[in-house]
Amino acid sequence: MNQNYYAILMAGGVGSRFWPVSTTDHPKQFHDMLGSGKTLIQKTFDRLNRFIPTKNILILTNERYNDLVLEQLPKVKPDQVVLEPAMRNTAPCILYASLKIQKMNPNAVMIVAPSDHWIEGEEAFEQDVINCFQKCEKEQVLCTLGIQPTFPNTGFGYIEFEKGSDQKVKKVSQFREKPDYETAKEFLAQGNFLWNAGIFMWSVQTIVDAFKEYQPTQYKLFADGVSVYNTDGERNFIQENYAKAENISIDYAILEQSKSIYTLPATFDWNDLGTWGALYDKLDKDDADNAVINAKTLLDNAKGNMIRSPKGKIVVVDGLEDYIIVDKEEVLLIYPKEKQQDIKKVLEQVKKKFGDQFA
C-alpha cells in the first residue's frame with residue numbers, strides 16, 4: 001500500500017431520519033442498516049482499507065462515540081480516533097485532522113469520506129479515489145467525487161463542471177444548492193451536473209494552504225496547537241480551544257471560494273442512505289415490493305413496505321401499502337413512506353411528550 005495515502009472517516013452524525021433505529025446515543029453509522037452482517041462504519045472502513053494503510057485511517061467523531069468506534073473497528077488504535085468536544089460542522093474538524101496528518105506525513109494525500117453511505121463497486125471506488133489522489137499529488141487542486149444523477153433529485157446539492165473537456169477529472173464551475181424540481185430537471189438536461197456526495201480528496205499541503213488563504217482565523221486557532229498534536233498535550237489544547245471555532249461547513253469555508261476545484265464523475269453506484277426510503281431503494285424486495293430486514297414476515301395485501309425488526313421477530317402485516325414499519329425495543333414506528341422527511345419532526349414531538357430517552 002502507498003504509505004502517503006490517508007483517510008478521514010466522518011462518523012459524528014446522528015442520522016435522525018432513521019429514528020427509531022438511529023438515536024443520539026447510537027446513530028445509524030453504528031448499525032447494520034442493510035442486514036449485511038456489518039455496520040455502515042465497518043463497511044466504509046473496509047472499503048478504504050483496501051488501499052489505505054490501517055494506521056493511516058483517522059475516525060472523526062463526537063466524544064460520546066469513542067467507545068463505539070473502538071468496539072466496532074478493532075484494528076483502529078485509540079490515537080486514530082479524533083474526538084470533537086463540541087459540534088462545529090465539517091470545516092473545523094477537517095482542518096484539525098489535516099494538521100495532525102501533516103505533522104505525521106507532510107507528503108500525505110487524503111480522502112474525506114462519510115461513514116454512513118452505501119457504495120457498490122469496491123474496485124471502481126478504489127480506482128476513482130486513486131485517480132484523484134494522483135492528480136492531487138501533482139497539482140495544487142481540491143477534488144470531489146460527483147455522482148451521475150439518475151433523476152431530478154431535490155435533496156442533494158449539485159456540482160456543475162465545465163463542458164468540453166475530455167479529461168476524466170473535470171474543472172468545477174460552481175457548487176449549486178439543493179434545487180427545486182424544475183431546476184433539477186434543467187440540471188439533468190444540461191448534462192454537466194453531478195450530485196455532490198461529500199467525498200473529497202486533496203494533498204494535506206493544499207488543504208492546509210486553502211485554510212490559510214480563505215479561513216485565516218480558523219487556521220490560526222488550530223495551527224497554534226501543532227506543537228502538541230499527536231502528543232499527550234493534544235487533548236488539553238483541543239478541549240480548551242475547539243469550541244472557539246466558527247461553526248461552518250467545508251463547502252462554505254473552502255470549496256465555494258477556491259478556484260482550483262475538480263470533480264471526477266464516479267463509476268460506482270452510490271446512495272447516501274439519508275432516509276428510510278433511500279434504504280428501501282437499495283434492498284432486495286419480494287414479489288409485492290416489500291423490503292424486509294431481520295424480520296420473519298406474514299404479509300397479506302401488503303405492498304411496497306419497508307419492514308425492519310429485531311432479528312427473528314415475527315411481523316404480520318395486512319392491508320398496508322408504502323409504509324415504513326420499524327420495531328425497536330420500546331418504539332414501534334408505522335409511518336407513510338411519502339412522509340419520510342417528517343420523521344425528524346415526529347422525533348421532536350416524541351421527545352417533548354415522552355422524554356429524551358427515546359431519541
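Two residues are in contact when they have heavy atoms within 4.5 Å of each other. The model is predicted: local features need pLDDT of at least 70 and side-chain atom pairs count only at pLDDT 80 or more, whereas totals for chains, interfaces and linings use all residues. Residues are numbered from 1 along each chain as its sequence is written, and side-chain values use heavy atoms, with hydrogens and water left out.

**Exercise 1. Describe the overall build of the protein.**

Step 1. Count the elements, taking helices (H or I, at least four residues) and strands (E, at least two) as DSSP runs numbered from the N terminus. The protein has 11 helices and 17 strands.

Step 2. Compare the radius of gyration, taken over C-alpha atoms, with the globule rule, 2.2 Å times the number of residues to the power 0.38. The radius is 21 Å, close to the 21 Å that the rule gives for 359 residues, so the protein is as compact as a globular protein of that length.

Step 3. Consider the contacts with a separation of 6 or more: residues 24 or more positions apart account for 66% of them.

**Exercise 2. Locate the nonpolar cores.**

Step 1. Buried means under 20% relative accessible area, exposed over 50%, and partly exposed in between (1.4 Å probe, protein chains only). A nonpolar core is a set of buried Ala, Val, Leu, Ile, Met, Phe, Trp, Tyr and Cys residues joined through side-chain atoms within 4.5 Å.

Step 2. Buried residues make up 54% of the 359 residues. The largest nonpolar core has 48 residues, and Ile59 and Ile111 have the most contacts inside it. Helix α4 (residues 122–138) gives the most to this core, with 6 residues.

Step 3. A second, separate core of 44 residues includes Leu60, Ala86, Cys93 and Tyr229.

Step 4. Beyond its neighbours within four places in sequence, Ile59 touches residues including Leu9, Ile41, Phe45 and Val82.

**Exercise 3. Is Gly13 buried or partly exposed?**

Step 1. Gly13 lies in the loop between β1 and α1.

Step 2. Its relative accessibility is 39%, so Gly13 counts as partly exposed.

Step 3. Leaving aside neighbours within four places in sequence, Gly13 is in contact with Pro27, Gln29 and Tyr65.
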